[in-house]
Amino acid sequence: MSYKNLAVCVSAMLFLLVAIPAGAQELSELSLPPNGMNQQAEVSQWIGLVKVTIAYHSPNVHGPAGRDRTGHIWGELVKYGLFDDGFGPSKAAPWRAGANETTTVSFSHDVKIGGRDVRAGTYALFLEVQPSGPWTWILSTQTGWGAYQYDSKYDVAQVAATPEAAPYTEFLTYGFDDRHLDSAVAFLQWEKQRVALKIDVPNSLQLYVEQMRKDLLGWPGFNYQNWQNAAQFCADNHVNLDEALVWADKAIDEPFRNAAQGRKDFYTLKTKAAVLRAMKRDADADHVMDEAIAMTDAPVMGIHQYGTSLLAAGNKDKAMTIFRMNRDRHPEEKFVTYVGLARGYTALGDTKNAIANWEIALKNIPENQKPNRPAYEQALRALTEKG
């Protein structure tokens, strides 16, 4: 190429570079700062097994030029109602609930928003702001740049939310509060306002069961304790009980023939009994527990806890039988067994024997139980005053 032709090519390239408007930076393949220096942000929260992620650009109250916009955010910078920004096809758009690109919320599993079923996926998250009364969260399947192409036909949920006064927050911030296994509250906080959006996962426990079922088909299934833990989870939460009983039996008797041995011990039997009790099969549960506590390696604390559970269920006589058996079987144990007897005699109204056993227990209190000593002494004091 001649020097003259090279100069022409270079001049053309320079012209193209200069001709690119500043507003086109988001279309550039270069990594450039975001418009208005509104930094990109992302926050995630697990609700049980469900992952929720909000991705947004975060403007600040003082803006890129540093001007204090306190008191001019709501109703001015963020317009009330559905408004025409004079850009793009939409003439009635909500706020993008952030800056720059559309704010999005993603769900790894199906959820409920405002009582509406929302499938797993990523949605645009808009907010219609009002001068008084509730604001409205809008979830839409249409994402893009801002809300310039907003069309209500793509809405999957609209949820009313009452804004609340909040501590001053310079940068628009999303977060999660009031977190539970089956729900959490997402919130937007900016300037002196906070507005929340509750996300429900009503089938949270079932999702765990489904995942456990898949897990047990893989490597975890070669460990009997995983079958036991899955069965115990179902018993504790009163879900999937028929299958839980199968899992409990596998924990006891070889989950995989000639590959992984089950284990019949106090704890695996106790789990099976818990499943049976959750199924309202109390007689069968009692039979399994009788077998469990009869085992030579039944632990003193395990037997004690079974006795206290019988007390809680109102079965005082059987609880007392268990406490006595624990004392006879473990004569070397001078604390737990006497606590059991003290509680048993207290439940039966035998104050004299209850006091005697509390006194022995307190004389032999182990180091790890000393923080609980005031509670034990209070139990003894209450009996002494009563007697």
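**Ring contacts and an antiparallel sheet**

In this predicted model, the charged end of R194 sits over the ring of F187, 3.8 Å from the ring centre. A second contact of this kind involves K79, which lies over the face of F83 at 5.5 Å from the centre of the ring.

One of the pairs joins F107 and Y123, with ring centres 6.2 Å apart; the planes stand at 45 degrees, between the limits of 30 and 60 degrees, so the pair counts as tilted. F107 belongs to strand 3 and Y123 to strand 6 (residues 121–128), and the pair thus links distant parts of the chain, 16 residues apart. Both of these residues, F107 and Y123, are buried. F335 and Y376 form an edge-to-face pair, at 5.6 Å centre to centre and with 70 degrees between the planes. Because F335 lies in the loop between helix 8 (316–329) and helix 9 (336–348), while Y376 is in helix 11 (residues 373–386), this pair ties together parts that are 41 residues apart in sequence. F335 and Y376 are both buried. Tryptophans come together as well, with ring pairs linking W74, W95, W135 and W190 into a cluster.

Turning to the sheet, 6 strands form an open arrangement in the order 1-2-3-6-7-8, with antiparallel pairing. Strand 1 (39–47) and strand 8 (155–161) are the edge strands, each pairing on one side only. From one strand to the next, the twist averages 20 degrees. Within the sheet, strand 2 (residues 50–58) and strand 3 (residues 104–107) run antiparallel and are joined by 4 bridges.

Definitions and conventions: Residues are numbered from 1 along each chain as its sequence is written. This is a predicted model: local features need pLDDT of at least 70, side-chain atom pairs count only at pLDDT 80 or more; totals for chains, interfaces and linings use all residues. Side-chain values use heavy atoms; hydrogens and water are left out. Two strands pair if DSSP finds at least two bridges between them. Helices (H or I, at least four residues) and strands (E, at least two) are DSSP runs, numbered from the N terminus. Axes are lines fitted to C-alpha atoms, for helices over the stretch in contact, and angles run from 0 to 180 degrees between N-to-C directions. Rings of Phe, Tyr and Trp (its six-membered ring) pair if their centres lie within 6.5 Å; planes under 30 degrees apart count as stacked, over 60 as edge-to-face and the rest as tilted. Buried means under 20% relative accessible area, exposed over 50%, partly exposed in between (1.4 Å probe, protein chains only). A charge sits over a ring if NZ of Lys or CZ of Arg is within 6 Å of the ring centre and within 35 degrees of the ring normal.
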